[in-house]
Amino acid sequence: MPGDERVDPASAIPPGDPGRGEFLWKGRAAQCHSLKKDDNRMGPTLYGIFGKQAGTQPGFYYSQANAEAGFYWDDLTMFYFLENPKKFLPGCKMAFAGLKKPQDRADIIAYMRRNGGEG
């Protein structure tokens with residue numbers, strides 16, 4: 001998240017549309033990630049990701065940067081990460097340029113929450 005200032009997630013993240021998020025998920029994330037439990041692919045499963053510490057999915061080998069990140073995934077963290085993963089987490093090896101539009105990020109987060117992201 002930019003700087004150390006406190007950001008209210010309700011004001012930073014627009015309301016998400018899970019239906020539109022499904023379209024984005026299928027086109028931008030499903031090739032590498034799953035929302036099913038214990039279904040690691042090229043990327044780790046994102047089942048139960050919200051509230052989980054970064055870099056801790058069993059059975060997945062993370063970059064050193066991700067394994068040592070120490071933060072926990074919530075909507076705001078995911079929102080900023082999805083904008084530009086390599087800028088948010090230098091050393092991240094994820095081959096994904098990010099979603100520049102805030103609404104796209106909000107929509108995919110809404111879809112993830114509704115379809116397994118909460119575990």
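## Helix packing around H6

Helix H4 (residues 75-83) and helix H6 (residues 102-117) pack with their axes 10 Å apart, at an angle of about 130 degrees; axes here are lines fitted to C-alpha atoms over the stretch in contact, and angles run from 0 to 180 degrees between N-to-C directions. That makes H4 oblique to H6, given that angles under 35 degrees count as roughly parallel, over 145 as roughly antiparallel, 65 to 115 as roughly perpendicular and the rest as oblique. The crossing of the two is right-handed, a term for a near helix turned clockwise from the far one by less than a right angle.

This is a predicted model, in which local features need pLDDT of at least 70 and side-chain atom pairs count only at pLDDT 80 or more, while totals for chains, interfaces and linings use all residues. Numbering starts from 1 along each chain as its sequence is written, and side-chain values use heavy atoms, without hydrogens and water. Helices are DSSP runs (H or I, at least four residues), numbered from the N terminus.

| Pair | Angle | Axis distance |
|---|---|---|
| H4 and H6 | about 130 degrees | 10 Å |

Now for the residues in contact (heavy atoms within 4.5 Å). From H4, Asp-75, Met-78, Phe-79, Leu-82 and Glu-83 meet H6 residues including Pro-102, Arg-105, Ile-109 and Arg-113. This contact divides into eight nonpolar, no polar and four charged residues. Nonpolar covers Ala, Val, Leu, Ile, Met, Phe, Trp, Tyr, Cys and Pro, charged covers Asp, Glu, Lys and Arg, and the others, Gly among them, are polar. On the H2 side, Pro-18, Gly-21 and Trp-25 are among the residues that meet H6, whose partners include Asp-104, Ile-108 and Tyr-111. The H2 contact has seven nonpolar, two polar and five charged residues.

H4 itself is largely enclosed by the rest of the structure, because seven of its nine residues are buried (under 20% relative accessible area, with exposed over 50% and partly exposed in between, for a 1.4 Å probe and protein chains only). The buried residues are Leu-76, Thr-77, Met-78, Phe-79, Tyr-80, Phe-81 and Leu-82. At the start of H4, the backbone nitrogen of Leu-76 has a side-chain oxygen of Asp-74 within 3.2 Å.

Finally, look at Ala-30, in the loop between H2 and helix H3 (64-67). Ala-30 counts as partly exposed, at 23% relative accessibility. Leaving out residues up to four places away in sequence, Ala-30 touches Trp-25 and Arg-41.

How values were computed. Polar contact = N/O pair within 3.5 Å; in protein donor to acceptor, adjacent residues only side chain to side chain.
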